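Subject: Structure handover

Hello,

Here is the structure I promised to pass on to you. Please have it open while you read, and my notes follow just below.

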Amino acid sequence: MNYGMFRTAAASLKLKVADPDYNKKEIIKAIDRALEENVRLLVTPELSVTGYTCADLFFTKALQESAEKALGDIVRYTDEKNIAVIVGMPVPFYNSIYNCAVVISGGEICGIVPKIHIANYNEFYEKRWFASGSQFKSCQDITVAGYKTKIGSQLFDLGGGAVLGVELCEDLWVPNPPSSTLACHGANIIANLSASDEYVSKAQYRKELILNQSARCICAYVYAGASVCESTTDLVFSGATAVAENGGMVSDGERFSRESVITIGDVDIEKLNAQRQSNMSFENLSHGEIGFGRIDINNDENDLKYRFVDPHPFVPADDEKRRERCQEIFNIQAAGLAKRLEHVGSSGAVVGISGGLDSTLALLVCAEAMKLLGKDNSDILGITMPGFGTTDRTHDNAVKLMELLGVTTKEISIKDACVLHMKDIEHDESVKDITYENTQARERTQILFDMANKHGKLLVGTGDLSELAMGWCTYNGDHMSMYGVNASVPKTLVRYLVKYVADISDEKIAAVLYDILDTPVSPELLPPDENGKIAQKTEDNIGPYELHDFFLYHFVRFGFEKEKLSALALKAFDGKYDKETVDKWLGVFTKRFFISQFKRSCIPDSPKVGSVSLSPRGDWRMPSDASYNCFI
C-alpha cells in the first residue's frame, strides 16, 4: 500500500555551464539514485540541461542542438522506468526561445511547460533571451528531439489522486503565481525548476515563499534550485532544494554542496485532497485552456521512509513554539469565559476541583478570566467533593491550589448522598459497576449546578477534547456544565498548558501544579488501593491518550482509514508500540468514538482553540447512530 503517499525528489546537480552532454550524464545519475529510493517524481533545476548562466550562448545553434540531443538521450533512458522526470532547457519555437520545463516519463515527452514570468530586473536579464509562455493561450503541437508533444500550460495526472503542475523560478515570486491557477484546476503537486541566486537573507525569504504558497494552494511544492556549479561571473547559486506540504517543510536539502544533492520527501496526497474537499472556500475550476495529460506511474507501495510523522500532532516539539502555543490557547480560553461571564451578568464562576489535570486547568482559566474582568479570585467558588475513590494526594492538592489562588472554597463530601441514592434505586453499593461510578459523577454535577444557582455564578465545565472523543464522561454528569473551557483541548495538551502556567507562577503555586502534573490520570470513582493510592487509572482501561489523540487528529481532520492510521502510528511511535498494540487501541478508539456521538450532540458551548473541535454546532456534524462497521 502507498497510504496515499507520493514520493518526490528535488535535485541540485553538479553540472558544467553550456555542456549538455556532461549535464545529461549527471541527470541520468540523479535518475538512478532516485529510482534506488523508489522516487516517483524527480524535479531538476531551471535550464538543467544547459545550465542557467549561458547568457548569449542560448542564441547559438550549437548549444540548442546539443541540448536537444541530450534531451533525447534522457528521454530514451526513462523508457520502462517507473518515474517521471522534469528537466529544464531552452526550447526554440518558431520566432522565439522559451525557458521550459520538459516533463518526461516512460521514454516519452509528456509535455513542455514554458516559464510565464521572465525575470528582467537587478541581476536578471532573461528577456534578452527568452519569450514569455503567456503567449500560449492554449497548448500547441511541437516536436522536440524527434518526439511529438504539447507546449503550454498543462496538468499531468500521475495516478492515485496525484496531479502535477509546473512553474519556473520567477513564476513563484509574482503576485499571482501560475501555481495558484494550476491548484484551482486540480494540481496538488507543484514542481518549481529554479535558478535563484544567493545574497544575505534571500534563503529565508525563499523558504517562506515556498511554504506560504504550498499552504495557500493546499498542495505539495517540490523546489529544485541551480547549484554552485553555475558560472560565478556575477552571481553565486546555492543549490537550494525543498519539498513542502501545506505550509510545512517535509524535506529541506543541503545548500552550497559541490556534489549533486537529491532531497526526497513523501507527500501525503490523500491528506491534501481531504483538506481541499472539506474547505469550501477552495475554488475548483474546470480545466479550460489548461492542457491535461496522464503519466502512467506505478505508485503501489510506500514505506514512509521519507515522511516524518509527529507522534503528538497537538503538541509542538520545539520548546519555544510549545510555550507560544500554550500561551495563545490559555488566552483564548480565558477570553471566551470572560465574555460569557460578562454577557450573562454572572457574579463569578463555580468549578469542581478534583486535584486532577482537567479541573486544575479549568480553575487556572477561571483565575485568568477574573483578571480580565477586573474581579478578584474570591469570586470563584471552588468546590472539592471527596468520594469513594478520592485519595489524600489529589484532595490535598485541590485544597492547596484553591487556597494559594485565593479562591472561595467549599468541601462537600458526596459519600452519604451516593449511599442513600444507591439505596433508593436498589443498587448494592458493594457492586463497583458503572452505576456505582456514575452515581458519584452525577451527584457532583448536581451539587455544582445547584451551588451555581444559589450564588448566581456560572458553572464552568472541566472535561477535555479527548474525553469527549472517547465518551469517557458521564452523560449529564461531568459531561454537562454552563460553559466548557477545555472542550477543544486534547489530553496530551492539557498537561503542557498546566505546565505553562506552573512555569510562570510563584514557587508555592508551581510546586502544587508540578505535583498535579505527576499524578496519574484517573476519575477516582473506585476506591484506592491498600496503600491509599489511585487504583483506577484511565489509560489502563481505554489505552494511552497519546495514541487516542493521534487517531483523533488524523481521523477528524483528514478522514484517514484504519490501515493508514495504523501505519502512521507505527511510524510515529516506532519502537514504543508494536502493531498489535496500535491496532488494539485503534479499534477501541473507533468504536468508542462512534457510540459516544450522542454525548457530543448536546455538549455546552466552549471556545475552539485548535484545528480539531467536536462541537456539534461547528466543526463536527455526525449522526448519533452511525455504524462503525466500515471503519474498523
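First, a term you will need: a residue is called buried when its relative accessible area is under 20%, exposed when it is over 50%, and partly exposed in between, using a 1.4 Å probe and protein chains only. Helices (H or I, at least four residues) and strands (E, at least two) are DSSP runs, numbered from the N terminus.

A word on the source: this is a predicted model, where local features need pLDDT of at least 70, side-chain atom pairs count only at pLDDT 80 or more, and totals for chains, interfaces and linings use all residues. Residues are numbered from 1 along each chain as its sequence is written, and side-chain values use heavy atoms, with hydrogens and water left out.

The overall picture

The protein chain has 18 helices and 20 strands. Of its 632 residues, 56% are buried. Along the principal axes, the C-alpha atoms fill a box of roughly 100 × 50 × 45 Å.

A covered strand

Strand E11 (residues 220-225) has 6 of its 6 residues buried. That holds for both faces: Ala220, Val222 and Ala224 lie on one side, with Tyr221, Tyr223 and Gly225 on the other. E11 pairs in the parallel sense with strand E10 (residues 189-194) over 6 bridges (two strands pair if DSSP finds at least two bridges between them). Ser194 stands opposite Gly225 of E11.

The five-stranded sheet

Further along, there is an open sheet of 5 strands in the order E18-E17-E16-E19-E20, with parallel pairing. E18 and strand E20 (483-484) are at the edges with a single partner strand each, so one side of each has no neighbour in the sheet. Strand E16 (residues 349-352) and E17 run parallel, joined by 4 bridges, and Val350 has Leu381 in E17 as its bridge partner. Helix H10 (residues 434-455) packs on this sheet, touching E16, E17, E18 and E19 (contact means heavy atoms within 4.5 Å). The direction of H10 makes about 160 degrees with that of E16; axes here are lines fitted to C-alpha atoms, for helices over the stretch in contact, and angles run from 0 to 180 degrees between N-to-C directions.

Helix H8

The buried residues of H8 are Thr394, His395, Asn397, Ala398, Leu401, Met402 and Leu405. Seen down the helix axis, they fall within an arc of 165 degrees, so they line one face of H8 (the arc is that of the directions from the helix axis to the C-beta atoms). Asp392 and Glu403 are exposed on the face turned away from that buried side. The cover over the buried residues includes helix H7 (357-373), strand E17 (380-384), strand E18 (408-411) and helix H13 (507-517). Just after H8, Gly406 takes a positive phi of about 75 degrees.

The cores

A nonpolar core is a set of buried Ala, Val, Leu, Ile, Met, Phe, Trp, Tyr and Cys residues joined through side-chain atoms within 4.5 Å. The largest has 81 residues, and those with the most contacts inside it are Leu337, Leu363, Phe551, Leu552 and Phe593. H7 gives the largest share of this core, 10 residues. A second, separate core of 46 residues includes Val43, Leu164, Val166 and Val267.

One more residue in H7 is Lys371, which counts as exposed at 60% relative accessibility. The C-alpha atoms of Lys371 and Tyr147 are separated by 73 Å.

Best wishes
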